[in-house]
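Please read the points below alongside the sequence and the structure.

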Amino acid sequence: MSDASIAYAQLFGLGLPWVALHCGAMCGPLAAGLTAPLPARRDRVRAVGAYQLGRALVYVPLGALAGALGHAIAVHPTLARVASFAGAAALFALAFARGGRTASGVVPTSALLRRVERGGHLARLVGAARRSLARGQVFP
């Protein structure tokens, strides 16, 4: 078996289950939330179609950019070293940047919710989520 065959077998063996689980757990609820309030089937199909088109318009260029960057890094060893160093430096900087974060470097969810509530964006939704979490409920 060639190296390429082994790599594709690994991608297929690990990628297919991962994609199936990811889509069902993340994209499924989003699509269901888009269509739940729409009574007509045509409107639901249109909403899901718009959602999928939006995903394609974002993911395709980002995937092409990531592929081009990966190819450039693989072809030029010096660029690979520079990219590795830059990535490590960025992760190091993020790990030690405080700015109101906890010791682990993570912004607490409660702080994020307070920021969103103060900003006026999604204030009712976030308020309902906070109240339901305070009552021990998962959903408002």
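In this predicted model, helix 1, covering residues 3-35, and helix 2, covering residues 41-75, have axes that come within 8 Å and cross at roughly 140°. Because angles over 145 degrees are needed for a pair to count as roughly antiparallel, helix 1 and helix 2 are described as oblique to each other.

**The pairing of helix 1 and helix 2**
- The handedness of the crossing between helix 1 and helix 2 is right-handed.
- On the side of helix 1, the contact is made by C27, L30, A31, L34 and T35, and these residues meet R44, A47, V48, Y51 and R55 on the side of helix 2.
- Sorted by class, the residues in this contact of helix 1 with helix 2 comprise seven that are nonpolar, one that is polar and two that are charged.

**Overall make-up**
- The protein contains five helices and zero strands, and its pattern, when read along the sequence, is α-α-α-α-α.
- Where contacts in the protein link residues at least 6 apart in sequence, 6% of them join residues at least 24 apart.

**Burial and surface**
- The protein has 140 residues, of which 9% count as buried, a class that requires a relative accessible area under 20%.
- The accessible surface of the protein amounts to about 11,100 Å², and carbon and sulfur atoms account for 71% of that surface.

Methods. Residues numbered from 1 in each chain as written. Predicted model: local features only at pLDDT ≥ 70, side-chain atom pairs only at ≥ 80, totals over all residues. Heavy atoms only, no water. Axes fitted to C-alpha atoms, helices over the stretch in contact; angles between N-to-C directions. Helix = DSSP H or I, 4+ residues; strand = E, 2+ residues; numbered from the N terminus. Parallel < 35°, antiparallel > 145°, perpendicular 65-115°, else oblique. Left-handed = near helix turned anticlockwise from the far one by under 90°. Contact = heavy atoms within 4.5 Å. Nonpolar A, V, L, I, M, F, W, Y, C, P; charged D, E, K, R; others polar. Buried < 20%, exposed > 50% of the residue type's maximum accessible area, 1.4 Å probe, protein only. Areas by Shrake-Rupley, 256 points an atom, 1.4 Å probe, with all protein chains shown as cover.
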